[in-house]
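Colleague: I am new to this one. Could you walk me through how to read it?
Modeller: Gladly! Let us take it one feature at a time.

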Amino acid sequence: METLLVVIGVIVLLALVTGGLLVTRRRGAALPPAAPPAPRVAEQVLDETVAPPSEDLGTPLLEAPPVEVPEPTAGRLLRLRSRLSRSQSTLGKGLFALLARDVLDDATWEEVEDTLLSSDMGLAATTELVERLRTRVRVEGLRTPEELRAALREELVTVVGRDLDRTLRTAAHDGRPAVVMVVGVNGTGKTTTCGKLARVLVADGRSVVLGAADTFRAAAADQLETWGSRVGARTVRGPEGGDPASVAFDAVKEGVAEGVDTVLIDTAGRLHTKTGLMDELGKVKRVVEKHGPVDETLLVLDATTGQNGVVQARVFTEAVEVTGVVLTKLDGTAKGGIVVAVQRELGIPVKLVGLGEGPDDLAPFDAEQFVDALLGD
Ligand code: GDP
């Protein structure tokens, strides 16, 4: 009897458990799927247009993002001084430690020289600076760390170039926009610099048209267009592999038609053959000049490539008359002295410096602010 009751109990229990599971399964089947259905293409496009502007400058947005207001340029170098911290530790601290020694003998001055040389300042500028400093120490009887520090700062500012003309000619004149050509080896940050420069100009109240004359890389034109659209600047581009000079010409034409202040032309920087490059750049310039003279030709140089970069850049100075240097990636090197070497070797002032990958990490160059940033507090 008992056995029968146990068997019945087990059967009832099994029936209950199985029934429960079935109910649960059925309920589960009735529930909506956990993930919402994928949006249709049109919805995806809408979603992207309301998303915040992408930081990935290589991917063009499908619709114009809201126009941004770039940070003002005044004092940018001071704001970005911490980016030069790697240079600071090498130069500033090293030099001050040497000059703080009780005796400034030949050996110490030699060490001062070595420190400056290791910052990529170049031999001529280094020798000159140390000579002047030594003379001042002797003649003026400089002794205290404060006096030496002040003299070092002054001499550094002199060697970086206090009086060089670093103005960017970007204002419209004679009823037409100023034309700025940007040249340099691929990879130096040329296209990025064009984009950042458009922001610098917009921040300073100018209107801008961009010309994507690097027609060899479709990505370069896309990249430029994205930069431009962020600050409301139109980009003129041509077919991939098309004639760079004709794109540059059209960009200036568009700039004239729109009545903008500045037309900024990004050019190709392939160094396949020196003559090829020179011919091409020369042609771009000649064709653009059918509208009127080019006001500014900026050469973009990567600070991390040191003296080699300067040698490479000579090709450009032979092809077109370069009026200013943009030294990029100064945030990625401990060799801030390269500013001095570049100016001496090319005889062209550094007008802008790149201190990071952010959109507002391009600063107008100023000798005193730069030296202060190098020397640290
Ligand atoms: P292009 O081939 O000369 O046009 O070079 P791009 O403009 O495409 O830039 C090459 C790379 O350098 C990119 O990853 C940029 O973000 C980077 N770059 C440009 N300027 C700077 C800078 O001032 N600092 C740093 N750290 N990177 C930079």
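Colleague: Which atom of the ligand does a polar side-chain atom of arginine 217 lie 3.2 Å from?
Modeller: A quick note first: this is a predicted model. To read such a contact, look for N or O atoms paired within 3.5 Å. Here the side chain of arginine 217 brings a polar atom to 3.2 Å from an oxygen atom of the ligand. Backbone atoms take part too: a polar one of threonine 191 is 2.8 Å from a ligand oxygen, and a polar one of glycine 356 is 3.3 Å from a ligand nitrogen. The protein buries 80% of the 590 Å² that the ligand exposes when taken alone.

Colleague: Where does the ligand sit?
Modeller: You will find the ligand in the largest pocket. There are 18 residues around the ligand, and those that come nearest are Gly187, Lys190, Thr192, Asp331 and Glu357.

Colleague: Which helix gives the largest share of the shell around the ligand?
Modeller: That is helix H8, residues 190-203, with four residues.

Colleague: Now for another residue: is arginine 136 buried or exposed?
Modeller: A residue is called buried when its relative accessible area is under 20%. Arginine 136 has a relative accessibility of 16%, so it counts as buried. You can find arginine 136 in helix H6, residues 123-140.

Colleague: What does the side chain of arginine 136 join in a polar contact?
Modeller: Its partner is the side chain of glutamate 155, at 3.0 Å.

Definitions and conventions:
Residues numbered from 1 in each chain as written. Predicted model: local features only at pLDDT ≥ 70, side-chain atom pairs only at ≥ 80, totals over all residues. Heavy atoms only, no water. Near = heavy atom within 4 Å. Polar contact = N/O pair within 3.5 Å; in protein donor to acceptor, adjacent residues only side chain to side chain. Areas by Shrake-Rupley, 256 points an atom, 1.4 Å probe, with all protein chains shown as cover. 1 Å grid on protein atoms, 1.4 Å probe; cavity = no way out; pocket = protein on both sides within 12 Å on 5 of 7 lines; lining within 4 Å. Sits in = over half its atoms within 2 Å of the grid points. Helix = DSSP H or I, 4+ residues; strand = E, 2+ residues; numbered from the N terminus. Buried < 20%, exposed > 50% of the residue type's maximum accessible area, 1.4 Å probe, protein only.
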